Each structure stands twice: as C-alpha cells, then as structure tokens.
Amino acid sequence: MSEKKTSWLKPSLDWLLIFVPIACALRFVPSLDNPTALFIVSCIAVIPLAGWMGKGTEHLAEHLGQGAGGLLSATFGNAAELIIALFALSKGLEGVVKASITGSILGNLLLVLGLSLLTGGLKFKKQTFNRTASSMSATALTLAAAALLVPTIFHEVAGRIPIAQGGWTAQKEQHLSLAIAAVLIITYILTLIFSLVTHRNMKSADSMHAMEDIGEELEHAGEHWSKKKALTILLTATAFVVLIAEFLVGAVEEAGKTLGLTEVFVGVIVVAIIGNAAENSSAILMALRNKMDLSLGISLGSSLQIALFVAPVLVFASYLFGKPMNLEFTLPEVFAVIIAILIVQQISSDGESNWIEGVQLLSVYAVLAILFYFLPDVHSAVEALAH
Amino acid sequence: MSEKKTSWLKPSLDWLLIFVPIACALRFVPSLDNPTALFIVSCIAVIPLAGWMGKGTEHLAEHLGQGAGGLLSATFGNAAELIIALFALSKGLEGVVKASITGSILGNLLLVLGLSLLTGGLKFKKQTFNRTASSMSATALTLAAAALLVPTIFHEVAGRIPIAQGGWTAQKEQHLSLAIAAVLIITYILTLIFSLVTHRNMKSADSMHAMEDIGEELEHAGEHWSKKKALTILLTATAFVVLIAEFLVGAVEEAGKTLGLTEVFVGVIVVAIIGNAAENSSAILMALRNKMDLSLGISLGSSLQIALFVAPVLVFASYLFGKPMNLEFTLPEVFAVIIAILIVQQISSDGESNWIEGVQLLSVYAVLAILFYFLPDVHSAVEALAH
Amino acid sequence: MSEKKTSWLKPSLDWLLIFVPIACALRFVPSLDNPTALFIVSCIAVIPLAGWMGKGTEHLAEHLGQGAGGLLSATFGNAAELIIALFALSKGLEGVVKASITGSILGNLLLVLGLSLLTGGLKFKKQTFNRTASSMSATALTLAAAALLVPTIFHEVAGRIPIAQGGWTAQKEQHLSLAIAAVLIITYILTLIFSLVTHRNMKSADSMHAMEDIGEELEHAGEHWSKKKALTILLTATAFVVLIAEFLVGAVEEAGKTLGLTEVFVGVIVVAIIGNAAENSSAILMALRNKMDLSLGISLGSSLQIALFVAPVLVFASYLFGKPMNLEFTLPEVFAVIIAILIVQQISSDGESNWIEGVQLLSVYAVLAILFYFLPDVHSAVEALAH
C-alpha cells in the first residue's frame, strides 16, 4: 500500500527531469537564447534534481550509521538552495541571496506547512503531533529571527549618528554580521549534538530526525541502495544542480525585468517555491498519511537549517568570492519572518491541527506575497534606508 | 435563579432607552443645539439599542436553523459598530473609522475580557476554559494583525523611494489594501464554514458558537419570540441605531474639540467603550456564572469579526461613497493591536484564569489609553509620516 | 548533604569581601587614584554585599510573618540595583540608569535563566516545572514591555509633528512616563496582593514565593538568626553597598572611556552581570538540585520586580533629585527586552527544560551583547532620534 502511494508521487516529479535537457538547449543553442524561458525552465528542472539529491543523501546516511548519517542529512538537507545562493553570491546578487533566504523560511513555514495542514485536515478531522518537538524548533526560529533582526536595528539606529561619533559604516555592519553568523553556527552545531547525541532516543523530540524518518518511511518499501549507488546518484544530481543553478542565476535579472517582477519578489516568492518543491511534496504526503510529526519536522527543520546554517555559511563564503555579504535584511523581510514564526508557534503550541489552521498559514503567506508584489526594488529600498 | 439575574441586569440597560428621545430633542429642537451634549447622549442611547439588535438577531437565528442562523449571528454581531462606521465613512471621517476599528479590537480584547476575568476571578478562585477554542481565535487575530500591519510597513518602506523608482503612491496603497481586504474576507468565510459546517459539533470549539449559546443561556428562562416579533424588534432597533449613529457621527468632531480630545482618542477609547457595552455586560454576566468559554467567546469572537469582516467590508463600502479608504493604520494603532493580541494569547493559552490576569489586561488597556490620550491628532501624524 | 553544597558555594562569594577594603583604598588613598581599577574592584565588591543583604532580608522576613515578610522580600529583592541606580540618577547619568534597568531584565531572563537551564540540563536529561507559575510571570513581563515601549512610540510618532500642532515636548514625555509609572506600580501592588494574600496557598503559583522558599532551602541547614542579628547584618551590608555604589557610579564614566566601552554597553552588560551575580549563583544551585520552580522563580521574579517596581520608583525618585527621568528607552533596548520576553515565554510555556534551551537563551544574550557592543553611545543616539 505504501508502495503504491510512493509510485504515484515519484513519477510526477521525475517527469520534470525532461526540463534538464531543455534548459541546456536554451542555454547553449544560440538561436534559442531567451533569458525568461531559460529562467522558468531552469526553475522547474531544479525540482526533480533536488529530490534526487535528497534521496541520495538519505541512502548514503544509512550506510554511515546514526551519528555521521544524521550529520550528513542535516547538512545537505538544503544543498540545492545553498548551491543556487552561492552562484548568486558570486555574481554579486546579494539582494537575491537574502531574498531567497527569507523566501525559504517563509515558504517552509507558511506554504509547505499550510498546504500540509490543509490537505491533512481535509482528510482527517483532527490531527495530533508532539508539542515538545515543534516547540523546540519554534524557539530556535525565534532565536534566529532575533539574530537576523539585529543588523537591521543596528543600521536603523547607528545610521542616524555621524560616523565621527561612532555611526554606521559598512565595515562595522560587516563585523557585526560575522559575529552573529558565528553565534548562529555554534548554536546550530550544539543543536545537532543535542538531537544526534545527547537526546537521540527522545522519540521525535526534534525536527532533525524528521529527514531520516521520512527516508525510512518512503524507502523501506523494498528498495535499498548500495553505498556506491547512493554516492553516484548524489554526485550526479549535485553536478546537474550546479549546472542548472548557474543557468537560473544567470537569467534571473533579465527574466525579472521582462516579467515586471522585482528582485525581492523573485527571491522571496519564486525561488522559494522552486527550492522547496521537494520538501513540499514530502510534507504533504506525510500529512495525508497522518504522520504529522514528520510533516512538521520537514517544514520546521528545513527553516531552521536555512536560518542557523545556510545563512551564516553564506556570510563566510562571501569572503571567498571577495564580495562580503552582511546579514542586514530589509524591514519587510524581517517583518515577514517574525510574523511567520509567531503564527507557526501559535499553531504548533497546542499539538493539534485541523484544516482551518492550514488556511490561516496560507492566508498569511498570501498577505506577505501581496506586500512583496507591491514593494519597489529592494536595493533601492536599502539605499533609501541608508540615507 | 437564572431569571432573577437576567432581570437584574436587563433593566439597567433598558433604562438607558430614555436617552433616545433626549438625543432626538437635542438634535431637532433648535434652542437645545449643543454638539457635545448630543454626542454624549447619543453614545449612551446606542448602548441599549445595540442590546436589542443583538436579542432580535439571536431570536431570529433560532428560527432559521443552525447553518443560516449561525451565519446571521456571525454577520450581524457587530452591526451597530458597522452602521456607525459607515456614517463616519460617508462624512469622510476616515481617521475616526480606523480608530474605532482599532478601539473595538482593543476594547473587546482588553476591556471586555479584562473586566470578565476580574469579576469572575473575584467570585471564583480559579476558572477554566477550553484552550483549543481560544487558541484558534488568537491565531486568527494574529493573522489579522499581520494583515493590518502590511499597509503601514508598505508606506514606511516605499515612502522612502522616489515615485519614479516605484515608490509609494496613494493608488498603490489602495490596491494593496483591496487585495488584503479580499484575503481577510475569504479567510472569514472559510472560518465560518469551519465553525458552522465541518467542525460544528466540536463542543465550544470556537468563538462563533458563543453568541448563540449566550442566546440560549439568557433567553431560555421562559421567553420565546415568534419569527415576526424577532424581525420587528430587529428592524426597529436597527432603524433607531441608524438614526442615533447619524447624530453621533455628526457631533463627534465638534464634541472632540470642545472636550479637548483628539479624533483618535475619541475613536479608540470613547467609541469603542460605547460600541462594546452590550458585549461587556454579557461577557461579565457569563464570567460571574463561571461560563468562561462563553465569556472568552464573546470578546475574542467579536474582535475577530471586526478584524476579518467589518474592516474589509468598510474598505469595499468606501468605494460606494466615492471616498476610498485604505487599511493603513497609524503606528500606535498597529502597536496597540499587536500588544493586545500577544497578551490575550498568553493569558488564554493555559486554559485557566484568575483575577490578576484580568488586572493585567486592564493595565495594558490603561497604558494604551494613556498613549492615545497624549498623542497628537492622528491625521497630522499620518501626514507627518508621509513626508 | 545540603549543608555541604551550601558551604561549597558560600565561601566562593564571601572571599570577594576582600575587595571592599581594596575599593576603599583605591578611593581614598590619593596615590592609588585610578578610576578604571576602582570601577572594576567596586563591581566585584558589590557581589558578596548584595548576597549578605539578601540573606539579612530573608532572615528578617521570617520574624515578620508571612504577609509583612513576603512584602519585605519582594521589595528589597533588588535593593542593591536600586541603590546603584539612585546614585547614578543623582549624578544625572540617566543613560546608565536606563541601560542598567534593561540590562537587569536581560541578565535575569537570558543569562541567569540560560545558565540555570544549561547546568541543570547537563546534570538531568529533562527537568520539569509549574507552567502556571511561569506563565503568569511571562504575562506580567509582556505587560511591562508594552508599558516601556509606549514612551518610545510616543516620541517616534509625536516627534514628527510640529510642537504647535501637539508634537513632542520633553514635558509631555515626562507626564506620559509618570502616568505609566503609576499604572506599573499599581499593578505591582495588586500582584503582591495576589501572591501574598488571595492566592498564597497556590503552591509555587508564582515567582514572589521563590525568594522565601530559597531562603528555607538554603538556611534550614541549621542556622537561625535572631531578629537583631538579621537587622544588624541587613543594615551593615546596605551601608557598605551604599558606599561602594557611590564609588562605582563615580568611576563609571571615566572607566568606560578608558576601556573603550559606551555607557549603554557598561549599563546593559557590565552592571547587569554584577548586579545579578547573587541571583545567578542561587538560580544555578537550585537548577543543580532539580528545583526548577525556584530557579525560574528567581530569574522571572527578579525581572518582574525590576520592571514593575524598580523602574517606576526611579521615575518618582528622580523628582527628589530635581533631575526628572522619563521612561523612554532607546530602540535597541526596547527591542532587546521584547525579544528576551518572547523567547523566555516560549521556553517556559511547555513546563519542561533541557540543556539546549539554556543554550538558546545564552545565544540570544550573545547576539544582544554583540549589538550593544557595536552600537554607538546611547545619548547621541537618543538625540539623533529626537531630531
């Protein structure tokens, strides 16, 4: 039975692999040059590739044992997003990178979780989950929100003071961001130790286990990959993601202009939907099977990883490209993340869900999407804030 | 026993009907022309009329069966506030309308609930209620707060950018507000479907049932109205509310000046206390009978209705008057609503109440009333924000 | 056994009494004049003196019976902080006073509680506590945060309007602050009545009991002081705190400059760590004994006392010195307090704790310390905000 459902879902994503060669054609055949088409096709092509990276990671993790395997899952969980962001960073598209961090957090918390609670709630009148687990993740997210808000507050306050009297400078903002990135990544490492070492046997006690458990849930319908097969698939899928990510990032500016969308809207809404498509289908599937702990684990755990691991890694990586990125987000981005965390915390704090809670999350997502649609370009906004 | 308490309460409100003819005299007898007196008398006269509108609605709802009856209760629950706001809107008093939306939410969450928990808590050492129900309402309120904050954030950010580069314009703010109003009203309709259709039998599962249950609680002390009687009383009371609302709104500006109160203080504090007097007396009565689910249902449900139904309806209605209203509230209004929702959520999340929690809510109300008392006129503030 | 642990801890603080004569030497021997050394030595010397004040208060309280004794504990719990703040106020160091209020709240909520949960959690896999108690304190803290935010909001909004049209003036800010201070202190008195009179026998129902219970926990290892001994020790310790506080405040400006630290950093981080050292050691000790109700009671109760009692008392006291202080905090201070309260509320709402929650609190503290380290001087910031 489990097998049937899996085979019903998997093909739907694998069919999308057809867009990989199409993207290559659009990129390398001169007569087909069309950035907008390339952007859209690349977006779709990333979806199944991200799915295969995930599967490869999970199968490889099984061979590595609990500790190292868990670490691998936790670290590579958002590898596709990370690769896209690194390319954008190397091209100096700092605004897109930040917008896609925001978008990934919003997408996981509001869109993925909202759709899961809605579809699960339409099938089951009431679903229950472990409050302790979701509560720990929500707290970690609040910590992340506080950390991401600090550079914005710093700019807002120190920007009003002349530099001679200790006012805002880009260098100070950079140092501040580095210090905060260090705190975030240390917290992330300690969180991994908590969930993979000291509190491992706490059943479903936190979202770090979710990915593995989903692996078990999906895969133990018969198939078992050898270490070599898992590694080969992981590397092949990653190579293609790298290729397509380069297409996607190269075309994003041109495509945004043609479609009349601002950089921040593309980052927050478009890139985030694409980057989370794999999480989305898994989380909905788990909700339909009434395994809400896994469904929440995917969305909360993935947001957590973006905020505590991907964001600081990007700050450190930006130095390698010689284009230092700080952690200063725009006011609307910070506001959106805080609202999303507040509402997820409320919904998850009672350990029960129903379809209207899914609707509430999706409504918040719609309201925020409207805000980002109407907002003018983020860079202009940041510069306006600075002066 | 129940009858005695009811008869002890009812007369106290019905005696206030004497202010209806007084208001008419002040309005139509030229020698008695005094806007301040007219404003105060009209405020008091609305209280018993709103009570009779509520009773008429409940009795009529009984005849219509669960679905349609529930819809009627849910839609007409804040009819008096809606009528007053429509009059103010037609006179272009946008600031008063918005202030009374803010004030209605604050009044229900802090004043009505605070007085209920205090009076109930002085009689009973500890009172309990259904956490699930109050939690769902608190989440819906957070969603509403997010939605009402978006136009303010948009103005704050887009206002710093030149219009040529996509900066703030009144038209964009209008479109943004319309889109958000649409999301709110769709969410409201889905919430009604949830509570009146799919999760109807979830006992006290949400605040939409509260009004009906209160009807049963109060009325089944013997009296049963015929359909005709209910309809006649509802229409008569509504007609008088329309009349008095016209007096009230016509006198508000003049009275505010005479009393040295700003438009926003009148809207947030005065109009809100008047408009919620009926809810206030019912909610306190329920708390004294230790029926906390109903007491919370009234205050949370009424706030919800204002935010998800009355506010968007006013945006749409403003087009009929040719004086489009947006959903941009001033910073202090947004701040006050967010604080009120946060503290209500905290108090309601443990499913228990005692008198000190009532004191805490009333303290927050006092602090906010102080803020609005000291604040200069809201319109000047909005214009100052815009430049 | 209890005795051993106590004797292991006490000496470690009592040894610090050696810094009291050192501070006197630095202050009164002209050849040793060194403000930085005096500041550091005074900071350390206050720690054991505050501890002895606490012990004197508890023993005296035992002689006074429950009502008056509880009141004494509750009122003198933060006497050392209050004395330091009064000296700073008399010297016109308003920025330091406000920063130390902020710092005391942050220190208790994040540092004291974070270290308690971490050390307790390293010894015990899972610790539990009474949700109702911590929830009530968290609500009172939210109320305090709202109240402390109001003067900042008022300045931000009214400051944009010309004075002729009712804009911001220092006098209005002062009146607003007085009104809010009155609300806070009335709420504090009612909270005392709740916890010492009407709900006294509610076991551990709130944090006001914590101090006394800790007294019992620590002292009943044999020693019992006479009323005279308790009073003598309390008065002697207080006299020395007054002396050292005068040194500390007199040297703070000079020392801050020499160490390259801003006034706000000294207030928020340095003074707060010093002032809470006694609470810190008690709270950790309780966590190691798995008495989490007491551990949370210390940190939440102490923050509550600062916000609802010390802050308004300082506003009233400032008039005695002819240097009126308002309650307007800087944006980063207000932000830091709100974040701290939000995260404590999340962590305390499930009634369970483990070591990662301690890490999360300490991470937030680290992030905020980074912000205050980078921020330019608070006074310049306030003035920049005003223009």
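1. A salt bridge here is a side-chain nitrogen of Lys or Arg within 4 Å of a carboxyl oxygen of Asp or Glu. Across the interface of chain C and chain B there is one: the side chains of Glu156(B) and Arg160(C) meet at 3.6 Å, N to O.

2. Some housekeeping: this is a predicted model, where local features need pLDDT of at least 70 and side-chain atom pairs count only at pLDDT 80 or more, while totals for chains, interfaces and linings use all residues. Residues are numbered from 1 along each chain as its sequence is written, chains are lettered from A and ligands numbered from 1 in the order in which they are written, and side-chain values use heavy atoms, leaving out hydrogens and water.

3. Now the interface as a whole. Chain C brings 38 residues to the contact and chain B brings 32 residues (contact means heavy atoms within 4.5 Å). Together they bury about 3300 Å², 74% of it on carbon and sulfur atoms; buried area is the accessible area (1.4 Å probe) that two parts lose on being put together, summed over both. Thr139(C), Val157(C) and Arg160(C) supply 17% of the area that chain C buries against chain B, more than any other three residues.

4. Only 5% of the interface residues of chain C are also interface residues in chain B, so the copies meet through different surfaces.

5. Is Val364(B) buried or exposed? At 1% relative accessibility, Val364(B) counts as buried (under 20% relative accessible area; exposed is over 50%, partly exposed in between; 1.4 Å probe, protein chains only). Leaving aside residues up to four places away in sequence, Val364(B) touches Leu110(B), Ile339(B), Ile343(B) and, from chain C, Leu143(C).
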